[in-house]
Amino acid sequence: IMSKQQAISPGKNFFAGGFGGVCLVFAGHPLDTIKVRIQTMAVPGPGETPLYRGTFDCFKQTLGKEVGIQGLYKGMAAPIIGVTPMFAVCFFGFGLGKKLQQKTPDDVLTYRQLFAAGMLSGVFTTAIMAPGERIKCLLQIQAATGEVKYAGPMDCVKQLYKESGIKGIYRGTALTLMRDVPASGMYFMTYEWLKHLLTPEGKSPNELSVPSVLFAGGMAGIFNWAVAIPADVLKSRFQTAPEGKYPNGFRDVLRELLREEGMASLYKGFTAVMLRAFPANAACFLGFEVAMKFLNWAAPSL
């Protein structure tokens, strides 16, 4: 007999998701810095060697040049401030998406419905995420290029707003949606599917062991990025480009990338993304499940 499933509570999802987000940043930020640096490094001219030969080379150089580990944790305050509410909203959106599709609290959702609930969470997060991501990319590359244009995240917002209003802050939103809506659907559906797969006969998915949760979360991260990465490369390019470089938006970016560097360039930073996706998302879902257990224990009726 399946044990009765806990009623879905978007509110609890919100707090547990926020905690999951903090776990994700701690586990994943060093590789995120490397991903952005690889995606945005200049194309070497004839006879020049590229700035970084690959993920591990970038890792070595960052450790060497920027006083060790701190270099890898550059710009981490912005993601913690940004990611905590973002994951809170993301898991809230997923909880809400699930709840809206249930006729009774005991309805078990199909994978298609879980995918749809995940997509809703992607729409929710984009509203918060698009400006945060743009600022994060700009700060990460200025650390790499050495020109200091922005003193910090707030200064960056002020300057963007002065230059081109709210539109400047939200540049690249369509790309963020293209990246996050299908990818979030994939993310949550994969997680629920693997949880179900790893649950022994007659047990409830809520009683999964820590290694199983880590595996399901890590794989969900990998599936999420497999869908998201081409849009992510375009987005990193578009959001860090000088004003007016791509008048027709992402179509121009796509054309330029395919012309200059071919299909493979859409999977730039793949190694860094995948290396980061597993531990970061494993940490995120474990944090989420632990926080959820705590909240269900502390406030069972909410």
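Angles under 35 degrees count as roughly parallel, over 145 as roughly antiparallel, 65 to 115 as roughly perpendicular, and the rest as oblique. The exercises below use a predicted model.

**Exercise 1. Classify how helices α1 and α4 pack, and describe their contact.**

Step 1. Locate the helices. Helix α1 covers residues 10–40, and helix α4 covers residues 77–100.

Step 2. Take the geometry. The angle between α1 and α4 is about 140°, and their axes are 7 Å apart.

Step 3. α1 and α4 make a right-handed crossing.

Step 4. Sort the contact residues. The contact of α1 with α4 has 16 nonpolar residues, 8 polar and 1 charged.

**Exercise 2. Decide whether Phe 215 is buried, partly exposed or exposed, and find its contacts.**

Step 1. Phe 215 sits in helix α8, residues 210–240.

Step 2. Use the cut-offs. Buried means under 20% relative accessible area, and exposed means over 50%. Phe 215 has 37% relative accessibility, so Phe 215 counts as partly exposed.

Step 3. List the partners. Set aside neighbours within four places in sequence; Phe 215 then contacts Leu 194, Leu 198 and Phe 278.

Step 4. Compare sequence and space. Ser 184 is 31 residues from Phe 215 in sequence and 18 Å away, C-alpha to C-alpha.

**Exercise 3. Describe the span 208–294.**

Step 1. Read the structure. Residues 208–294 are 78% helix and 0% strand. The end C-alpha atoms of this span lie 15 Å apart.

How values were computed:
Residues are numbered from 1 along each chain as its sequence is written. This is a predicted model: local features need pLDDT of at least 70, side-chain atom pairs count only at pLDDT 80 or more; totals for chains, interfaces and linings use all residues. Side-chain values use heavy atoms; hydrogens and water are left out. Axes are lines fitted to C-alpha atoms, for helices over the stretch in contact, and angles run from 0 to 180 degrees between N-to-C directions. Helices (H or I, at least four residues) and strands (E, at least two) are DSSP runs, numbered from the N terminus. A crossing is left-handed if the near helix is turned anticlockwise from the far one by less than a right angle, and right-handed if clockwise. Ala, Val, Leu, Ile, Met, Phe, Trp, Tyr, Cys and Pro count as nonpolar, Asp, Glu, Lys and Arg as charged, and the others, Gly among them, as polar. Buried means under 20% relative accessible area, exposed over 50%, partly exposed in between (1.4 Å probe, protein chains only). Contact means heavy atoms within 4.5 Å.
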